[in-house]
Amino acid sequence: MDGGTINGEVFEICANIDDMTGEDLGAAMEILLGEGALDVWFEAIQMKKNRPAVKLSLLAAPGDEARLAEAVLRHTTTLGVRMNRCSRVMLARVSETVETEYGGVRIKRGLLGGEVVKEMPEYEDVRRIARESGQPLSAVRAMIAGGAGEAKRRFRHYKGGEYEYLGTARHSETEEELVLYRPLYNDSGLWVRPKTMFFENVTVEGKSVPRFEEIKD
């Protein structure tokens with residue numbers, strides 16, 4: 001992962017269902033998400049004899065597909081499921097907590113070639129602030145967006161050059177936790193392990209110096 005896209009695989013599991021109530025489908029969705037499905041959704045379809053029905057679909061990480069297929073068979077009325085292995089391309093993602101007067105809000109950012117192309121606050125944090133403050137969700141999102149636009153933390157690398165701190169990310173394949181820096185004078189990104197960035201020093205001319213040192217204005 002280099003700040004560009006991330007390639008991977010996922011299993012799509014589907015079933016056509018025409019004999020479950022909305023309440024039971026909602027319960028099945030909660031169960032499947034609790035079992036580790038990456039996403040679950042419903043689509044309105046027509047089945048034999050023009051019967052209105054629902055297509056249940058979910059995404060499973062490689063290695064989870066058999067267990068989640070069994071969960072669909074156990075918790076819905078379908079007698080069978082369809083399974084497809086799909087390739088997927090994702091934006092590199094980082095997360096950062098922005099402090100507001102109502103507490104911390106987690107911000108998710110999608111990066112392409114080191115550039116932030118998408119940015120959104122975690123819905124649970126937005127909902128919490130809306131509930132505590134009595135403000136509508138749209139006003140809370142606007143307030144968070146204003147806070148997220150504040151000056152970034154800047155660091156100087158021991159070999160020279162200033163870097164902008166973009167946040168932390170977890171590699172989708174290895175689960176390794178990483179931190180993304182972006183040089184302030186070009187669009188490329190630099191991924192490093194948090195312990196390397198924050199805790200490990202290097203020796204320069206016989207002296208121990210931090211690999212990255214925050215620039216204080």
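## Side-chain pairing and burial in a predicted model

With a relative accessibility of 15%, H157 counts as buried, because buried means under 20% relative accessible area. The structure described here is a predicted model. H157 is part of strand β7, which covers residues 154–157. Its side chain comes to 3.0 Å from the backbone nitrogen of K159. When neighbours within four places in sequence are set aside, H157 is in contact with Y163, R211 and F212.

Two of these contact residues, Y163 and F212, also belong to the aromatic pair. A pair of aromatic rings is described by the distance of the centres and the angle of the planes. The count for this structure is one aromatic pair. The ring centres of Y163 and F212 are 5.7 Å apart and the planes stand at 80°, so the pair is edge-to-face. Y163 lies in strand β8 (residues 162–170) and F212 in strand β13 (residues 212–214), so that the pair links distant parts of the chain, 49 residues apart. Both Y163 and F212 are buried.

The next element is a helix. Which residues of helix α2 are buried? In this helix, which spans residues 65–75, they are E65, L68, A69, A71 and V72. Viewed down the axis of α2, the buried residues fall within an arc of 155°, so they line one face of the helix. An α-helix has 3.6 residues a turn, so residues three or four places apart point the same way. The face of α2 turned away from the buried side carries the exposed residues A66 and R74. On the buried side, the residues of α2 pack against β1 (5–17), α1 (22–34), β3 (52–60) and β4 (82–100).

Charged side chains form a further group of pairs. Side chains of opposite charge can pair when their charged atoms come close. How many salt bridges are found in the whole structure? The search finds 11 salt bridges, and the table lists some of them.

| Salt bridge | N to O distance |
|---|---|
| R85 and E9 | 2.9 Å |
| R109 and E119 | 2.4 Å |
| R154 and E162 | 3.0 Å |

In the salt bridge between R85 and E9, the N to O distance is 2.9 Å. R85 is in strand β4 and E9 is in strand β1, so this pair ties together parts that are 76 residues apart in sequence. R85 is exposed, with a relative accessible area of 55%, while E9 is partly exposed, with a relative accessible area of 39%.

R109 and E119 form another salt bridge, in which the closest N and O atoms are 2.4 Å apart. This pair connects R109 in strand β5 (residues 103–112) with E119 in strand β6 (residues 115–121), 10 residues apart. R109 counts as buried, at 2% relative accessibility. E119, by contrast, is partly exposed, with a relative accessible area of 43%.

The side chains of R154 and E162 also meet in a salt bridge, at 3.0 Å from N to O. R154 counts as partly exposed, at 22% relative accessibility. Elsewhere, salt bridges that share partners join E35, D64 and R67 into one network.

Definitions and conventions. Residues numbered from 1 in each chain as written. Predicted model: local features only at pLDDT ≥ 70, side-chain atom pairs only at ≥ 80, totals over all residues. Heavy atoms only, no water. Phe/Tyr/Trp six-rings, centres within 6.5 Å; stacked < 30°, edge-to-face > 60°. Helix = DSSP H or I, 4+ residues; strand = E, 2+ residues; numbered from the N terminus. Buried < 20%, exposed > 50% of the residue type's maximum accessible area, 1.4 Å probe, protein only. Polar contact = N/O pair within 3.5 Å; in protein donor to acceptor, adjacent residues only side chain to side chain. Contact = heavy atoms within 4.5 Å. Arc of directions from axis to C-beta. Salt bridge = Lys/Arg side-chain N within 4 Å of Asp/Glu carboxyl O.
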